[in-house]
Amino acid sequence: MKQQANLIRAGQVIEHDGRRWTVLKQQIITPGKGGAFIQVEMRDLKTGNKTNERWRTADSVERLMTEDREYLYSYTDGDSLVLMDPESFEQLIISVDLLGDQAPFLQDNMTINLHLVEGDPVGVDLPPQVTLEVVEADPVVKGQTASSSYKPAKLSNGVKTMVPPFIEAGERIVVRTEDATYVERAKN
């Protein structure tokens, strides 16, 4: 299906130069002189190579339709993730590279959304938020303004993030899987 280049979004699968690409990032750039263009970072589905491409916003690109299916994460085996179809209980093995920066947020028995193009896995969506424990948190520095000051903390999955000064080591917090930012204290 053809679509205008300015409608490209992260997570979509497009066909370009005879190959299939998954879109990682996109940014519309409006220079001071001339027309706007879209800068797209994308990964080749077969080789895993990344590239950047530019299109004018009026150009058209071929978007491939994806089928979304829910799977349960079972375990990691080296560089592969083993997923289970909750209806048929069949196992599916995919590359951990499909997760990209979100891989540390994968938790046992987590329900994930797998994007398929003609039966081939091309992308994974984790739940938007996960609850994790803070294992290290810097002490509060006296005299900082309480409203906008954040301090570094390390989570139980090894990811570092910034948390408000009242969060201490041992507390459980809710974190966005997209960019590892603090949302709130866990309620349970």
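**Start at a charged pair**

Select Arg185 and Glu171: their side chains meet in a salt bridge, 2.7 Å from N to O. The pair links distant parts of the chain, 14 residues apart. Arg185 sits in strand S16, while Glu171 lies in the loop between S14 and S15. Arg185 has a relative accessible area of 39%, so it is partly exposed. Keep in mind that this is a predicted model.

**Stay on S16**

Now pick Lys187 and Glu184. They form a salt bridge too, with the closest N and O atoms 3.0 Å apart. Lys187 is exposed, at 72% relative accessible area. Glu184 counts as partly exposed, at 31%.

Go back to Arg185 and look across to the neighbouring strand. Ile173 stands opposite Arg185. S15 and S16 pair in the antiparallel sense over three bridges. The two strands form a hairpin with five residues between them. Click Ala180 in that turn: its phi is positive, about 60°.

**Widen to the sheet**

Which strands make up this open sheet, and in what order? Colour five strands in the order S14-S13-S12-S15-S16; the pairing is antiparallel. The edges are S14 (160-163) and S16 (182-185), each pairing on one side only. Neighbouring strands are turned by 50° against each other on average, direction ignored.

Select S12, residues 129-137. Two partners are worth checking.

- S15 (residues 172-176) runs antiparallel to S12, joined by five bridges. Find Gln129 and its bridge partner Arg176 in S15.
- S13 (residues 151-155) pairs with S12 in the antiparallel sense over three bridges. Find Glu136 and its bridge partner Lys154 in S13.

**Move to the other charged pair**

The whole structure holds nine salt bridges. For one of them, select Glu62 and Lys2, whose closest N and O atoms are 3.9 Å apart. Glu62 is partly exposed at 26% relative accessibility. Lys2 is exposed at 58%.

**Select the annotated span**

**Finish with confidence**

Colour by pLDDT. The chain mean is 86, and 96% of residues reach 70 or more. Which element has the lowest mean, and which the highest? Strand S11 (residues 120-125) is lowest at 80, and S15 is highest at 92.

Conventions: Residues are numbered from 1 along each chain as its sequence is written. Side-chain values use heavy atoms; hydrogens and water are left out. Two strands pair if DSSP finds at least two bridges between them. Helices (H or I, at least four residues) and strands (E, at least two) are DSSP runs, numbered from the N terminus. Axes are lines fitted to C-alpha atoms, for helices over the stretch in contact, and angles run from 0 to 180 degrees between N-to-C directions. pLDDT is the predictor's confidence in each residue, from 0 to 100. A salt bridge is a side-chain nitrogen of Lys or Arg within 4 Å of a carboxyl oxygen of Asp or Glu. Buried means under 20% relative accessible area, exposed over 50%, partly exposed in between (1.4 Å probe, protein chains only).
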